[in-house]
Amino acid sequence: MAQNNKNTNQSTDDKQVVQTTNDNKVTTSFDQKNINLDGLKGESNSNIIAQETVKKVNDTNAMKSVVSNALEELLNEKESKTKQESKLNRWQLTSNVAPVFLGSVSNGSPIDSTLSKNSKSYNTNVGFGLGVSYAVNKKLSVRTGLNKVSMSYNTNDIVFFTGIQSKRLENVSPTSSSEMIHVEVSNPTTANSSPEAGLMPFENSFTHKNNGYLKQEIGYLEMPVEMTYNLLDKKFGIKIIGGFSTLFLQDNSITIVSAERDTALGKANNLNDVHFSTNLGLGIKYGFMKSFEFNIEPTVKYQLNTFSDNAGNFKPYLFGIYSGISYKF
């Protein structure tokens with residue numbers, strides 16, 4: 001019986017141990033579960049933090065991508081502009097021909113002061129030349145070239161004759177064959193300017209008086225320096241022209257013209273060898289091929305210091321309608 005009790009007690013103790021063990025296992029199991037839950041909580045927090053980190057990284061990458069795209073767009077735009085500028089045909093060769101009209105803003109005479117009130121008629125001449133221009137940008141260009149310019153005008157209502165003692169014109173250097181030619185106003189207002197005033201008494205009986213006019217011809221080699229500004233730069237274009245010209249004297253002659261004959265009187269001695277003009281004009285172009293254009297440019301050129309101090313209040317200007325073909329490269 002004692003042994004049975006012992007066994008019973010042992011069995012009971014074993015059950016307790018088992019129970020304890022089971023309790024420990026349960027406890028351990030619960031602890032493990034608790035640990036697993038805590039781990040899950042930690043993992044959840046870690047996942048949230050990781051997601052937030054990934055989101056921040058993605059946002060940062062997105063911002064970097066936007067900035068990068070913006071920079072790329074700016075660089076591409078700059079590159080395209082550079083390519084466009086490099087494709088701009090900056091040089092242009094131009095030929096031109098023009099009817100040239102001479103005029104004066106005042107009624108004077110650079111030949112002689114006694115002829116200042118005589119009527120003047122201005123002749124149409126022809127000018128021609130070649131030019132080159134450089135485009136600073138799409139709007140602004142600088143150009144120069146060489147032109148041959150001729151101008152002439154007539155001083156009307158004169159009488160001329162040959163006398164032993166002739167009266168020379170004030171600003172004319174006569175030729176050897178014209179030294180004896182006497183020129184006067186055909187309708188004098190004073191006795192001193194009458195044709196007979198320059199004659200000796202016995203010359204009146206045989207002097208033959210001729211009616212006619214004086215023709216003064218002047219020719220220049222012109223070198224313009226001008227700037228053009230494009231108001232419209234399409235196939236059809238409009239531009240403003242401004243600048244100045246340097247003119248070098250080439251031709252200089254004065255001729256007496258009558259119904260019977262033309263007589264070379266001499267040269268003007270009051271013309272400057274070099275003078276300047278201010279230029280203002282309007283240019284119209286039409287592009288008919290890729291590199292070729294047709295141009296027409298009405299231009300006014302006001303002459304400065306054409307004559308020396310004794311110009312007889314004669315202030316000339318030129319008006320030309322320049323037209324030609326230009327080639328861009």
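The model is a predicted one. Read from the N terminus, the order of elements is α-β-β-β-β-β-β-β-β-β-β-β-β. Of the 329 residues in the protein, 33% are buried. Contacts between residues at least 6 apart in sequence were also examined; 73% of them join residues at least 24 apart. The accessible surface amounts to about 20,000 Å². Carbon and sulfur atoms account for 58% of that surface.

Two cavities of 30 Å³ or more were found. The largest cavity has a volume of about 80 Å³. Its lining consists of Lys 167, Arg 168, Leu 169, Val 172, Pro 174, Ser 178, Glu 179, Ile 181, Val 183 and Leu 265. Strands β5 (172-174) and β6 are the elements that each give two or more residues to this lining. By class, six lining residues are nonpolar, one is polar and three are charged.

The second largest cavity has a volume of about 30 Å³. Leu 102, Met 151, Tyr 153, Ile 218, Thr 306, Phe 307, Phe 314 and Pro 316 line this cavity. Seven of these residues are nonpolar and one is polar. No charged residue is part of the lining of the second largest cavity.

Strand β6 spans residues 181-185 and includes Glu 184. Glu 184 counts as buried because its relative accessibility is 6%, and buried means under 20%. The side chain of Glu 184 makes a polar contact of 2.5 Å with the side chain of His 182.

Technical notes:
Residues numbered from 1 in each chain as written. Predicted model: local features only at pLDDT ≥ 70, side-chain atom pairs only at ≥ 80, totals over all residues. Heavy atoms only, no water. Helix = DSSP H or I, 4+ residues; strand = E, 2+ residues; numbered from the N terminus. Buried < 20%, exposed > 50% of the residue type's maximum accessible area, 1.4 Å probe, protein only. Polar contact = N/O pair within 3.5 Å; in protein donor to acceptor, adjacent residues only side chain to side chain. Contact = heavy atoms within 4.5 Å. Areas by Shrake-Rupley, 256 points an atom, 1.4 Å probe, with all protein chains shown as cover. 1 Å grid on protein atoms, 1.4 Å probe; cavity = no way out; pocket = protein on both sides within 12 Å on 5 of 7 lines; lining within 4 Å. Points joined across faces, edges and corners; volume = space filled by probe spheres on them. Nonpolar A, V, L, I, M, F, W, Y, C, P; charged D, E, K, R; others polar.
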